[in-house]
Amino acid sequence: MATDFSYPDAAAKAAAVPKEFGPEKMSLSMGPSHPSTHGVLRIQFELDGEIVTKADPVIGYLHRGDEKIAENMTYNQFVPYTDRLDYIAPLANNMAYAIAVERLAKLEVPARCQAIRVLTAEMARVSSHLMGLGAFGIDVGAWTVFMYCFEEREKLYKLFEELTGARFTTSYSRIGGLARDVPEGWIQRVDAFTDQFLPILDEVLSLLSRNKIFLDRTVGVGVIGRADAIAYGLSGPNLRGSGVANDLRKDRPYSGYEQYEFDVPVGAQGDCYDRYLCRGEEMKQSIRIIRQIVKNFPRGDWYAPDARKIFAPPKEKILTSMEELINNFMIVTEGPQMPVGEVYFEAENPKGALGFYIVSKGGGVPYRMKIRSPSFCNLSILPKLCVGNLVSDVVAILGSLDFVMGECDR
Amino acid sequence: MTTDVDLTTAVSQHFPSALPRASLDCPAFNSSAAEVAAVLKYLRDAQGFDFLTDLTAIDWTAEKSPRFTVIWHLYSSEQHRYVRVAADCTSATEPVMPSVTGLWAGADWHERECYDMFGIIFTGHPDLRRILMWDGYPYFPLRKEFPLAGLPAALPDAEISAETGAGVIAAPMAGGPFVATPGQPMSAAEPRAKDEAWNEHSEKTV
């Protein structure tokens, strides 16, 4: 006898049974502190046996009012808050925010600054995908992957600490530049990291890619169709896993991405396995970009020279020159003076397209700043995606979506 | 691929009332609450803007009329470009805007967030309730009159509120020690000004 494994059909059949004869539905609250919800996501389920018939995500547990805070501080003061959006990849957020404000101020940063930003953003992508991969592995029962991933991630965090002084909350970008230049010998250490990382990445991926248990848990589970992915505004690996080759680094290059050679991996089925494959391949492509930057690391300034009214002068000049001291005082007290207007900029972050919509009335404080967070949009498909799946498959789906609640709730 | 100028002409031909909006980057249009759903549908179907990347609102403060502007950002995955559409809510006290959940399923959460933060009602939305704040929260936090420090409110769970007498309290020092308010002197942003209500302009009263 053939077993009916088509869960959506089973759910539909159960729903067709008249209510007075039907089994009673159970409601189950998953989260906000459940190991597979990666933070503080709560999902209110309605279950028929073990099959999800309704899913209502409850978000906002980590809502800090970042947009309100942004309306009350100067542009540079907000940089540390961007660390706390996608706290798995703060360097990428720093860069996205800085570029958005630079578009408003019509600032061009020099090649060295662009290269450092791309370099750090790609390292952040690798670290974010390692975290996503490790957590996904744990969710479906593969502990070892997590250990490997965290060891590599630790090496990256050592490099981040050396560069920015912090492991997590880097606050590295400034409007029109960076907090500081790269330290002596750091680029060589990044190069050394990429050399030893690739074989380990292959080993990690080989633990999952042909693993029978992993395949059973992910192939054909949580399929997001192309049309759905577009309608729900997904972005990042979750969109590309469904076969839409959208990558803002390729399509709308910023910060000099057009100089680098890299491929955009896309999935075919749009299931959890494809999203996993996309992330694995993206790490390899990121390493490819990092190597190109390391090979041709530009010299010169690492801040925009025409950003005198925005970028704080060098410390030694502040201490010795009256003009620079006044300039610094004005920047700190009044904030960088921005033109009137509105801009919208999206960057291809590890989780997807992180957008900043800034409305300026002039002066040093944004009038309104909207943060378009990829995790928020990616999670909005959950009510549709979970229905018809087993509860245990929801765990695999959540792992494959790789979201961060700090960014979703803002 | 049509250029930005072509897009502006095409939109103004189809919708004479949709005027170009000042923008520093992508093409932008000002539409009206009555017509905006048709403009967005036209941009999606005829101009290939298949992604609704962002939906938000701006509060121009209670003194201004119109008070609320809703902003849609669309992205075309074929032409790799954005377009911005804006529409003003006619009423400041009961702001209403048509929902676009029928065009993009992803508009669901965006509109819920916009309702949650600004109190804008999206007509035709299947399930318009709060998303980031809890159901029953009495304020709309991104409105300009809402202070940064927050306002006291009851806890989400009425039972716990009644039992403990606890509630949500406003953050001390307006939410942070150094918060720059536009048009205010920096001394007003210092902690002493926030928690003790004295600075060089007003004497400390003991």
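The structure described here is a predicted model.

The link between E1(A) and strand E2 (residues 42-48) of chain A consists of five bridges, and the two strands run antiparallel. One detail of this region is the position of Ser27(A), which stands opposite Glu46(A) in E2(A). In a regular strand, side chains alternate between the two faces of the sheet.

## A second sheet and a helix across it

Chain A also contains an open sheet of three strands in the order E6-E7-E8, again with antiparallel pairing. Here the edge strands are strand E6 (338-349) and strand E8 (368-372) of chain A, and each pairs on one side only.

Strand E7 (residues 352-363) of chain A pairs with E8(A) in the antiparallel sense over five bridges. Within this pairing, Val359(A) has Arg368(A), in E8(A), as its bridge partner. Helix H4 (residues 90-105) of chain A lies across E6 and E7 of chain A and runs at about 150° to E6(A).

## The length of helix H14

After H14(A) comes Gly335(A), whose phi is positive, near 85°.

## The contact between chains A and B

How many residues does each chain bring to the contact? Chain A contributes 41 residues and chain B contributes 33 residues. On the side of chain A that touches chain B, at least two residues each come from helix H2 (66-70), H4, helix H9 (226-231), E6, E7, E8 and helix H15 (374-379) of chain A. By residue type, this side of chain A divides into 15 nonpolar, 15 polar and eleven charged residues.

## The architecture of chain B

Chain B has five helices and nine strands. Read from the N terminus, its elements follow the order α-β-β-α-β-β-β-β-α-β-β-α-β-α. Chain B has 206 residues, of which 33% count as buried. Among its contacts between residues at least 6 apart in sequence, 42% join residues at least 24 apart.

Strand E3 (residues 51-59) of chain B is mostly covered, with nine of its nine residues buried. E3(B) pairs with strand E4 (residues 68-76) of chain B in the antiparallel sense over eight bridges. Leu55(B) stands opposite Trp72(B) in E4(B).

## An exposed proline in chain B

Where is Pro126(B) found? Pro126(B) is in the loop between strand E7 (121-123) and strand E8 (153-154) of chain B. Is this residue buried or exposed? Pro126(B) counts as exposed because it has 10 C-beta neighbours inside 10 Å, and a residue is exposed if the number is 12 or fewer. Pro126(B) and Asp6(B) are 120 residues apart in sequence, and their C-alpha atoms are 35 Å apart in space.

Technical notes:
Residues are numbered from 1 along each chain as its sequence is written. Chains are lettered from A and ligands numbered from 1 in the order in which they are written. This is a predicted model: local features need pLDDT of at least 70, side-chain atom pairs count only at pLDDT 80 or more; totals for chains, interfaces and linings use all residues. Two strands pair if DSSP finds at least two bridges between them. Helices (H or I, at least four residues) and strands (E, at least two) are DSSP runs, numbered from the N terminus. Two residues are in contact if their C-beta atoms, placed from the backbone, lie within 7 Å. Axes are lines fitted to C-alpha atoms, for helices over the stretch in contact, and angles run from 0 to 180 degrees between N-to-C directions. Ala, Val, Leu, Ile, Met, Phe, Trp, Tyr, Cys and Pro count as nonpolar, Asp, Glu, Lys and Arg as charged, and the others, Gly among them, as polar. A residue is buried if 20 or more other C-beta atoms lie within 10 Å of its own, exposed if 12 or fewer, and partly exposed in between; C-beta atoms are placed from the backbone.
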